Amino acid sequence: MATHALHHHPARAELSRWILVGALSGAVSVLVFHQGLAALLHALELTARAPYSLQATRPFGVPALWSIVFWGGVWGAVLAATLGRLEGARLLLASLIFGALFPTLVAWFAVAPLKGQPVGAGFVPMAMAVGLMVNGAWGLGTGIGLALFGRRHAHEPA
């Protein structure tokens, strides 16, 4: 019936909000968690790669920081779509694990060869550990954003 089209579909609105918050949380998490941990590891001389780099990337010349913020948002939407049924500590733990594994594996085995870089961080243990840590931190930050803002709270209007 035509009246069916007029009804509000909260499940769709909730899913849209969840994925949008995932994307925004993923982008912000790059700036705070991913690059924050990278800065700490760099200060401790555990990685030579400086955080918050504005060096141009290929092929479009986008500063590296804004490139990873964009991809953090994309991965945040994927994380949100994947972990949408989880809440609380389970969401945070799964987000940390998701972040440590999936973006890292894609970076090691898909992105690195495309950029002419060594596969698997060159299988150098410290370089591999840094990738897992900063991406895990990103995942945790994204999960925190989802936990705080991803679902409508009782005091919010529908």
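**How the helices pack**

Analyst: Happy to! In this predicted model, helix 2 and helix 4 are oblique to each other.

User: Why are helix 2 and helix 4 called oblique?

Analyst: Their axes make an angle of about 60 degrees and lie 10 Å apart. Roughly parallel needs an angle under 35 degrees and roughly perpendicular starts at 65, so helix 2 and helix 4 count as oblique. Their crossing is right-handed.

User: Which residues meet between helix 2 and helix 4?

Analyst: From helix 2 come Gly 72, Trp 75, Gly 76, Leu 79 and Ala 80, and from helix 4 come Trp 138, Gly 139, Thr 142 and Leu 146.

User: What makes four residues of this contact polar?

Analyst: The contact has five nonpolar, four polar and no charged residues.

User: Which residues have the most contacts inside the largest nonpolar core?

Analyst: They are Leu 79, Leu 83, Leu 91 and Leu 146, in a core of 15 residues. Helix 1 (10-43), helix 2 (64-82), helix 3 (88-114) and helix 4 (125-149) each give two or more residues to this core.

User: What does Leu 146 touch, leaving out residues up to four places away in sequence?

Analyst: Leu 146 touches Trp 18, Val 21, Gly 22, Ser 25, Leu 79, Ala 80, Leu 91 and Arg 151.

User: How do you know that the pattern is α-α-α-α?

Analyst: The protein has four helices and zero strands, and reading along the sequence gives α-α-α-α.

Conventions:
Residues are numbered from 1 along each chain as its sequence is written. This is a predicted model: local features need pLDDT of at least 70, side-chain atom pairs count only at pLDDT 80 or more; totals for chains, interfaces and linings use all residues. Side-chain values use heavy atoms; hydrogens and water are left out. A nonpolar core is a set of buried Ala, Val, Leu, Ile, Met, Phe, Trp, Tyr and Cys residues joined through side-chain atoms within 4.5 Å. Buried means under 20% relative accessible area, exposed over 50%, partly exposed in between (1.4 Å probe, protein chains only). Contact means heavy atoms within 4.5 Å. Axes are lines fitted to C-alpha atoms, for helices over the stretch in contact, and angles run from 0 to 180 degrees between N-to-C directions. Angles under 35 degrees count as roughly parallel, over 145 as roughly antiparallel, 65 to 115 as roughly perpendicular and the rest as oblique. A crossing is left-handed if the near helix is turned anticlockwise from the far one by less than a right angle, and right-handed if clockwise. Ala, Val, Leu, Ile, Met, Phe, Trp, Tyr, Cys and Pro count as nonpolar, Asp, Glu, Lys and Arg as charged, and the others, Gly among them, as polar.
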